Amino acid sequence: MLWVALHFPLLPQGTLEAIGAWACQFTPKVSLEPPRALLLEVEGSLRLFGGLEALKARLHSGIEDMGFSASLASAATPRAALWFSYGKCESLAEVPLEAACNEEQSLSFLKSIGIETLGELLRLPREGLARRCGRGLLDDLDRALGSKPEPRAFFEPPPRFSARLELPAPVAHAEGLAFAARRLLVQLEGLLAARQAGIRRFTLALVDEEKAETRIDVGLASPARAADRLARLLHEKLSLTKLERPVEAIGVEATDFVSLNEYTSGMFGDEAADAEDWARLVERLRARLGHGAVCGLATHPDHRPEHAWRRVEPGEWDPHDYRQPGPRPSWLLQPQPLSETNFELLAGPERIECGWWDGDEASRDYFIARLPDGALGWIYREDATWFLHGLFA
């Protein structure tokens with residue numbers, strides 16, 4: 001087995017679990033080592049990530065994206081990996097005594113006789129060391145050397161995401177929160193990758209100086225987990241947000257995870273990729289213009305042309321075909337009055353008389369007519385007045 005340990009010099013309280021959830025995207029075998037360390041059993045993941053050094057580089061990059069720093073070390077046993085990360089060394093002989101011995105009385109005694117590293121400690125007689133410092137230190141040494149087993153309970157990634165970040169200084173402009181929020185979105189991406197899931201919606205919570213909370217909901221057109229995509233949408237939302245008071249802390253929440261598997265692009269065109277590009281365009285337009293400003297159109301079974309359509313979600317089309325009772329123009333206009341001398345009737349009439357049930361009753365005779373410029377128009381007569389209602393292509 002091969003273990004990688006991550007030791008964080010500084011870590012806000014309650015953050016270790018969020019980073020553990022992020023780390024589960026690299027291996028399902030993650031162990032939390034409070035207060036500021038993680039253990040990952042990575043032997044089964046090396047081929048997927050291109051080897052140990054490539055995996056370490058991915059870990060380093062992700063930790064930096066979240067705004068943290070950590071020392072990484074690898075070893076054949078979990079105890080040795082932890083000690084290497086604490087001491088920033090590569091062999092047991094170099095591990096400083098403080099990394100392995102946390103019992104103050106034993107540490108003082110060993111320091112008093114000139115022991116500074118585990119290499120020096122291992123040269124001492126075991127019987128005498130056990131009498132002076134207890135069996136616990138020897139057991140830890142045996143676990144680090146692999147001669148004594150050390151079972152561990154692995155972390156289970158949670159079914160929902162909630163993380164909070166205290167800002168180093170109050171932020172008065174909403175767009176200035178995007179950088180800090182991205183750190184939390186990277187954590188969210190890791191958790192979703194570990195669960196092979198995506199989200200359709202997440203929430204950014206803003207906590208101001210008076211501890212009042214403002215919530216910004218961000219919706220997606222299709223399930224996603226990529227931090228870059230989530231950050232772009234959030235930036236669109238923040239650019240339209242005005243803060244009443246400076247913000248001191250932010251939080252990101254996401255629930256209702258949905259299954260999201262990776263797919264392989266086709267060599268000769270890819271309908272799935274094209275559809276995903278369209279969905280991303282829709283969600284960015286909605287983030288910038290508002291949810292109600294972007295919609296799809298579908299036919300609606302109503303003889304009145306101004307009522308023969310309805311708003312639908314983009315991509316949500318009515319599976320029932322509605323066939324109009326007669327020819328319809330491709331360009332529908334607001335009714336415009338016409339003089340009887342400005343057209344030539346070619347076909348008609350088509351009688352449309354309905355709408356008494358909804359208060360917008362129509363009683364019209366429609367004709368196809370040639371207009372003075374040669375275009376074909378859809379005109380109707382109502383109350384002895386002629387109106388142009390559409391143009392044919």
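The exercises below, each with a worked solution, concern a predicted model.

**Exercise 1. The sheet with β1 to β4**

Work out the order of the strands in the open sheet of four strands, and state which strands stand at its edges.

Solution. Begin with the order, which reads β2-β3-β1-β4, with antiparallel pairing throughout the description of this open sheet. Next, take the ends of that order: β2 (30-33) and β4 (71-75) each have a single partner strand, so one side of each is left without a neighbour in the sheet. From one strand to the next, the twist averages 20°. Then turn to the pairing of β1 (residues 3-7) with β3 (residues 37-41), where the strands run antiparallel and are joined by five bridges. Within this pairing, the residue that stands opposite Ala5 is Leu39 in β3.

**Exercise 2. The surroundings of strand β6**

Determine whether strand β6 (residues 197-208) is largely enclosed or left open by the rest of the structure, and trace its pairing with β7, β8 and β9.

Solution. The first step is to consider burial, for which the cut-off is a relative accessible area under 20%. In strand β6, ten of the twelve residues are buried, so the strand is largely enclosed by the rest of the structure. The second step is to go through the partners in turn. With β7 (residues 213-224), β6 runs antiparallel and is joined by eight bridges; with β8 (residues 247-254), the antiparallel pairing extends over six bridges; and with β9 (residues 258-259), two bridges join the strands, which again run antiparallel.

**Exercise 3. Helix α10 and the residue after it**

Compare the span of helix α10 with its expected value, and list the residues of the helix that are buried.

Solution. Helix α10 (residues 178-194) has 17 residues, and the distance from its first C-alpha to its last is 24 Å, close to the 24 Å expected at 1.5 Å a residue. As for burial, the buried residues in α10 are Ala178, Ala180, Ala181, Leu184, Leu185, Val186, Gln187, Leu188, Gly190, Leu191 and Leu192. Following the helix comes Gln196, whose phi is positive, near 50°.

**Exercise 4. The largest pocket**

Describe the lining of the largest pocket by its residues, by the elements that contribute to it and by residue class.

Solution. Sorted by class, the lining has eleven nonpolar, five polar and two charged residues.

**Exercise 5. The position of Lys88**

Locate Lys88 in the chain, and decide whether this residue is buried or exposed.

Solution. Lys88 lies in the loop between α4 (78-87) and α5 (97-100). Exposure requires a relative accessible area over 50%, and Lys88, with a relative accessible area of 69%, is therefore exposed. Lys88 and Ala73 are 15 residues apart along the chain, and their C-alpha atoms are separated by 7.3 Å.

Technical notes. Residues numbered from 1 in each chain as written. Predicted model: local features only at pLDDT ≥ 70, side-chain atom pairs only at ≥ 80, totals over all residues. Heavy atoms only, no water. Expected span 1.5 Å × (residues − 1). Buried < 20%, exposed > 50% of the residue type's maximum accessible area, 1.4 Å probe, protein only. 1 Å grid on protein atoms, 1.4 Å probe; cavity = no way out; pocket = protein on both sides within 12 Å on 5 of 7 lines; lining within 4 Å. Nonpolar A, V, L, I, M, F, W, Y, C, P; charged D, E, K, R; others polar. Pairing = 2+ DSSP bridges. Axes fitted to C-alpha atoms, helices over the stretch in contact; angles between N-to-C directions.
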